[in-house]
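Me: Please show me the model. Then take me through its packing, briefly.

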Amino acid sequence: MTAGDGLPATTSRRGLLVGLAVGLPVIAFGVRGALVDGSRTHPGELVRWIVGAAVVNDLVLVPAVLAAGWSARRLVPDDLWPSVRAGLVSTGVLALVGWPFVRGYGADPRTPSLLPRSYAAGLAAAVAVVWVVVAALGLARRARDRHRHDARAPDRGVRGGSEGR
């Protein structure tokens with residue numbers, strides 16, 4: 001379903017125009033800075049990195065995430081899926097943010113205080129906390145659902161010993 005101007009019905013023309021009005025000057029400023037300071041920014045290398053990042057994202061990262069999500073959805077029971085999905089997303093974000101630190105990019109042996117921690121251990125601890133929370137939420141949901149099911153089930157026990165006599 002599209003509007004008369006070819007935009008999807010959910011797209012706001014005003015939002016598009018505001019995004020362009022804000023975004024295009026920011027992009028122009030960045031491109032200008034990369035070109036004016038070309039001796040420091042190396043525009044050719046910058047273009048290779050930008051294009052390479054887009055290609056790796058589209059051909060490696062997105063298919064891997066889709067495959068992991070598809071597989072997890074088929075393996076995880078329906079009642080646990082929301083918390084597992086949140087755990088997977090949180091783990092992915094932590095891994096992406098933590099990766100440069102774990103790998104030690106930018107470390108300089110002359111400045112030991114630059115990256116002073118064991119970032120792999122920190123990442124592992126953060127991911128462990130996420131999955132402990134996911135497990136706790138899953139157990140709580142199962143207990144709540146079991147309690148609701150028990151409350152709705154008819155009582156089939158013998159009361160007072162007088163039934164059936």
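Reply: A nonpolar core is a set of buried Ala, Val, Leu, Ile, Met, Phe, Trp, Tyr and Cys residues joined through side-chain atoms within 4.5 Å. Buried means under 20% relative accessible area, with a 1.4 Å probe and protein chains only. This is a predicted model: local features need pLDDT of at least 70, side-chain atom pairs count only at pLDDT 80 or more, and totals for chains, interfaces and linings use all residues. Residues are numbered from 1 along each chain as its sequence is written, and side-chain values use heavy atoms, leaving out hydrogens and water.

Me: Which residues form the largest nonpolar core?
Reply: Buried residues make up 8% of the 165 residues in the protein chain. The largest nonpolar core has 7 residues: A72, V76, L80, W81, V84, V130 and V134.

Me: How do the axes of helix 4 and helix 5 cross?
Reply: Axes are lines fitted to C-alpha atoms over the stretch in contact, with angles from 0 to 180 degrees between N-to-C directions. The two axes come within 10 Å and cross at roughly 175 degrees. Angles over 145 degrees count as roughly antiparallel, so helix 4 and helix 5 are roughly antiparallel.

Me: Which residues does V134 touch, beyond four places away in sequence?
Reply: Contact means heavy atoms within 4.5 Å. V134 in helix 5 is among the residues that meet helix 4. Its partners are S83, V84 and G87.

Definitions and conventions. Buried < 20%, exposed > 50% of the residue type's maximum accessible area, 1.4 Å probe, protein only. Helix = DSSP H or I, 4+ residues; strand = E, 2+ residues; numbered from the N terminus. Parallel < 35°, antiparallel > 145°, perpendicular 65-115°, else oblique.
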